[in-house]
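I opened the model today to go through its contacts, charges and core. My notes follow in the order I looked things up.

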Amino acid sequence: MACQKHLQQLQEKEQVLEELGVKTVVVTFEAGFMARAYVEDTGLRWPLLVDEDRTLYHGYGMLRAGIRELIGPATLWLYLKEALRGRLPRKSTGDVSQRGGDVLIDPGGTVRLHYIGSTPADRPRVESILKIVQESQH
């Protein structure tokens, strides 16, 4: 839910990202039907890399969240806000405990942002990502 919102916010800034020379890819651990459904549900226009064995996730320290993160106050607050907006969560068939995050790597291979979500749906603000990209170009 929040991941899709984050993706939507990034897609709204697609032209800005292109002007900054950012190449965007999305990584998922789910293959086949679930990956295709994600592309359809989100209208994804960027490449989708499937990391079924979660090599990238583990390499960047994005391990599984514990029960406290999954049903803790931050997650419950997120669900409440979405419910008040009329968006009830769908039952997930995937691994809801897999943490995600954002990684920005510049053309020289330097990691400029390494953000691991405190919950599986936690992501950095899009404005923060754009600021980091702009600062790394100067």
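**Entry 1: Arg 54 and its contacts**

I started with Arg 54 and set aside its neighbours within four places in sequence. Arg 54 is then in contact with Phe 29, Arg 64, Asp 95 and Gln 98. The model is predicted, so I read every value here as computed. I located Arg 54 in the loop between β2 (48–50) and α4 (55–59).

Is Arg 54 buried or exposed? Its relative accessibility is 11%, under the 20% limit, so Arg 54 counts as buried.

I also checked the backbone. Arg 54 has a positive phi of about 65°, although it is not a glycine. I noted the general rule beside it: most residues other than glycine have a negative phi.

**Entry 2: the charged network**

Next I went through the salt bridges. How many are there in the count? The count comes to 7 salt bridges. The background is simple: side chains of opposite charge can pair when their charged atoms come close.

I took the pair at Arg 54 before the others. The side chains of Arg 54 and Asp 95 meet in a salt bridge, 2.7 Å from N to O. This pair links distant parts of the chain. Arg 54 sits in the loop between β2 and α4, and Asp 95 in the loop between α6 and β3, 41 residues apart.

Then I followed Asp 95 onward. Asp 95 also meets Arg 64 in a salt bridge, again listed at 2.7 Å, N to O. This pair, too, links distant parts of the chain.

Which residues make up the network? Arg 54, Arg 64 and Asp 95 are linked in a network of salt bridges. Arg 54 is buried at 11%. Asp 95 is partly exposed, with a relative accessible area of 21%. Arg 64 is partly exposed at 45%.

**Entry 3: Arg 45 and Glu 14**

I looked up another pair. Arg 45 forms a salt bridge with Glu 14, and the closest N and O atoms are 2.8 Å apart. Arg 45 is in the loop between α3 (32–42) and β2, while Glu 14 is in helix α2. They are 31 residues apart, and the pair links distant parts of the chain.

Glu 14 is buried, with a relative accessible area of 16%.

I turned to the nonpolar residues. Nonpolar side chains tend to be buried together in soluble globular proteins. The largest nonpolar core here has 13 residues, and Leu 10 and Trp 46 touch the most other members. The elements that give two or more residues to this core are α1 (2–12) and α7 (126–136). α7 gives the most, with 4 residues.

I then listed the contacts of Leu 10, not counting residues up to four places away in sequence. Leu 10 touches Leu 17, Trp 46, Asp 102, Val 126 and Ile 129.

Val 25, Val 27, Leu 49 and Leu 56 make a nonpolar surface patch of about 290 Å². Val 25 is in the loop between α2 (14–19) and β1 (26–28). Val 25 is partly exposed, with a relative accessible area of 45%.

**Entry 4: α6 and the glycines**

I finished with α6 and what comes after it. α6 has 12 residues. It reaches 16 Å from its first C-alpha to its last, close to the 16 Å expected. Gly 86 follows α6 and has a positive phi, near 85°.

Gly 100 is in the loop between α6 (73–84) and β3 (101–105). Gly 100 counts as buried, at 6% relative accessibility.

How values were computed: Residues numbered from 1 in each chain as written. Predicted model: local features only at pLDDT ≥ 70, side-chain atom pairs only at ≥ 80, totals over all residues. Heavy atoms only, no water. Buried < 20%, exposed > 50% of the residue type's maximum accessible area, 1.4 Å probe, protein only. Expected span 1.5 Å × (residues − 1). Patch = residues over 30% accessible without salt bridge, like charges linked within 9 Å, V, L, I, M, F, W, Y side chains within 5 Å. Areas by Shrake-Rupley, 256 points an atom, 1.4 Å probe, with all protein chains shown as cover. Salt bridge = Lys/Arg side-chain N within 4 Å of Asp/Glu carboxyl O. Core = buried A, V, L, I, M, F, W, Y, C linked by side-chain atoms within 4.5 Å. Contact = heavy atoms within 4.5 Å.
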